[in-house]
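Colleague: I have a few quick things to ask about this one, if you have a moment. Shall we put it on the screen?
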Amino acid sequence: MQVKTVSALLALSPLLIAQSEPAESELELAAQGYLSAPGLEVIVFDDIYPDGHQTGVTIIQHGQRVAANGDVRLEPEPGQWSPMPVSAGERTIDAETGAISQTLRYPDPAKNGRGFNPIFYPDLDLEYTVTVRPAGGNSFRVIVDLAKPLPPEWVGKAGFNMELFPGHLFGKAWLMDEKSGLFHPQPNGPVTALAGGIVPVPRNEQENGPVQDLNGQVLAAPMATGQSLTIAPETEKQRIRFENQGLGELELIDGRSAHNNGWFIVRTAIPAGATTSAVEWLVTPDTIDDWSYAPVIQVSQIGYAPNQPKRAVIEMARSEAVEGAARLYRLTGEGREEVLSAAPQKWGDFLRYTYAIFDFSAVDAPGLYQLAYGDTLSHPFRIDAQVYSRHAWQPTLEYFLPVQMCHMRVNEKYRVWHGLGHMDDALMAPVSLNHFDGYVQGDTTLTKYASGDIVAGLDRGGWHDAGDYDLRVESQIGTTYMLAKMVEEFGLDYDATTIDQDRRVVEIRDPDGVNDAVQQIEHGLLTVLGGYRALGRLYRGIITPSLRAYVMLGDAANHTDNVSKRRVEGIGFDSNGNPIEWDDRWVFTEDNPNRELYVAGGLAAAGRVMRAHGSPLGEEAIAAARALTERAFERSNDIGNKTFALAELAQATGDKGYIRQLAAMEHAIIGDIENSAWRLASIEPQLPAGFRRRLAAAVAAHQKKMNRSAQTDSPYGVPYEPAIWGAGWTIQSLGVRQWFFHKGWPEATSRDSFLNALNFVLGVHPGENTESFVSGVGADSPLVAYGVNRADWSYIPGGVISGTNLVRPDLPELKEWPFFWQQGEYVIGGGATNYMFLALAADALYGETKENEH
């Protein structure tokens, strides 16, 4: 096996290395708009997400993204809220030389006149161009040209950074000139103050004061400085050489010193007075001559019911011929026996790969199986009528939802998942405030409460929203609604948990004789109705006032001190801009009729379930849904949410007036069939006959369009356009909609449309990482995920991650890394409960009783 490299013989002098035989391949401009050679791509400013470590100059080596965010930054170790540049023009590509250039700038908000939000920009006017051009073999040059010299106060701060993905490097070596070392799994000292002070931190637009500084008051001393850096010299597939070709020097920095989610950083500070070639690097990633992307077999991580359609997707190198047979093996006590061999059917090209489909639906004998294609062997999976009956949706109800419960202590035998927290909820937020996480408080509180007042009744119920601790009303009611629909549609009745609201204690794996789903519905209603009782309206959200608390990881009991504090003199900040004296979360309000109708629909559904179980919350929820709908209906322009509220209230109350209102909306509903019609599935028989006929015709037309998209968008059988965020939640949500379309209009809607969505989440998705998106579910699942315990490289069983995302223009990616929210974040509502719903739907369709009926 020959290695194409200019650094393979590390003992040779730089002169001898330069005279070694040149690599056979050359980086060339590819049709996709990036530089490409076998085993190597260099992407230049195709991506748009710097705070997610996705933009700038990016290196993909042997199919893995190994370096990214190559750009000018204003700190050695920038973080999520650090200043970021903006584009100052279109990216340019020189087809003759292969050079790719992008001009960017850090605008001075007082001078630019283009409406940039000043909270993210310091007092700096810096325009520059980054150019990447091939330099022979696998080498490429990175050149930074400034429009004018760097202001003196920014010398030593601004520089060209390239980030190295840490997950591939732990335990690997580095060489910097005559120095050497290892990449460690934790950042080590010594640390030093950032020379010349710190970069200004974000301020909100209303000048209520700056949020707390998290942008690195102290930094790690560089791991090494010098002129030539080799990454992973011992590993053929990972070796990269950086050579400084201009002024200054290279620094190797551990970016995790200032931010837990940082990467390793290669950096050159911009020298004083420099403009043309202010920074110039020669970068040489090594590649293996005969490397090719190996086939990947994508199959459900938990398996299939016997009578369920079974289609594996085979992903292979672009334009590779589909040759030979795929083989299905049944696992026995003696090993493997082949039960099916057939040629996969080529699907075509998608993103950077070629795909084929292997259909083994005819195999229905219960057992344990594996698939093989060429030298690739899939994980083991089951064919069994109980495949969705155990170890499928249960972890979400047994673990994830309890662990996310706010205002409770959550125990699991010897383990305490988190202590009792947030008992000091909540203070009314300041008016005229744009919070750093997107909450906006208007000029008034819209309630009887003044800013800083304690709003009673918010210290009950709710789930921590995602990888943080806020409570958004839409995720709270969304979770509550989906649980209610699972009880109604599938008779969900499962008890594995003690939930004691009086003692505020949860005991996982300790049943208390009460349906866990109903107890979780109650927990959701306690927060939504608690806010409605106290405020006379819905809250928008409940969140910490401080950025330092917002990014806290670990035990929720450490988030606040559980003691309510009212600022009699109002909201204030100390001289450092930090909120004075309290850690109490703020509650935000809003006037949003569309969201009110969405909540009303969820309240009506949850109210029906709680009423059926004898809870007084049932009638209270339905009454609140009525009042919210009456108040918001005429002011809303959201047809889907109008339909939702009316349909759920019609079921909850039996009031025919809601049916008449729906009939009066016929034209609007048919014009919004995708978002509105599925909401009517449960009450379709109650609609007027003419409306039903026209609705059925519109649904049939919509489903034909959906089917075409599912067949042509991708090989996965679902409408799918990869995005910078993983599409797992979106596809799950689509699957739930499709289930309701199938319920209301089964002759028009294919079962595949929701089963394929479930399979996508369970492992049939693009990229070499075929794990399910559900932690603890399937043979391979995300055991490192973006939850509140992410700093421990851990997971929460039953949590559903966002999943495979797109590194633009064409790389599907799902890495094991706890700090990628766009790939690995858990969420309440649209994530976990949608997955639960689909798994229960598959079990209802193909479970043991149903299988015996076939």
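Colleague: Which residue in β35 is the bridge partner of Asn411?
Modeller: Bearing in mind that this is a predicted model, the bridge partner of Asn411 in β35 is Val416.
Colleague: And how many bridges join β34 to β35, and which way do the two strands run?
Modeller: Strand β34, which covers residues 409-412, is joined to β35 by three bridges, and the two run antiparallel.
Colleague: What is the strand order in that sheet, and which strands are at the edges?
Modeller: The sheet is open and has four strands in the order β35-β34-β41-β40, with mixed pairing; β35 (415-418) and β40 (497-500) are the edge strands, each pairing on one side only. On average, and ignoring direction, neighbouring strands of this sheet are turned by 20° against each other.
Colleague: Which strands does α2 lie across?
Modeller: Helix α2, residues 394-403, lies across β34, β35, β40 and β41 (505-508), and runs at about 150° to β41.
Colleague: Changing topic to α7 and α8: at roughly what angle do their axes cross?
Modeller: The axes of α7 (residues 617-632) and α8 (residues 639-653) cross at roughly 140° and come within 11 Å, and the crossing is left-handed.
Colleague: Which residues meet there, and how do they divide into nonpolar, polar and charged?
Modeller: From α7, Ile622, Ala625, Arg626 and Thr629 meet Ala645, Leu646, Leu649, Ala652 and Thr653 of α8, and the residues of this contact comprise six nonpolar, two polar and one charged.

Methods
Residues are numbered from 1 along each chain as its sequence is written. This is a predicted model: local features need pLDDT of at least 70, side-chain atom pairs count only at pLDDT 80 or more; totals for chains, interfaces and linings use all residues. Side-chain values use heavy atoms; hydrogens and water are left out. Axes are lines fitted to C-alpha atoms, for helices over the stretch in contact, and angles run from 0 to 180 degrees between N-to-C directions. A crossing is left-handed if the near helix is turned anticlockwise from the far one by less than a right angle, and right-handed if clockwise. Contact means heavy atoms within 4.5 Å. Ala, Val, Leu, Ile, Met, Phe, Trp, Tyr, Cys and Pro count as nonpolar, Asp, Glu, Lys and Arg as charged, and the others, Gly among them, as polar. Two strands pair if DSSP finds at least two bridges between them.
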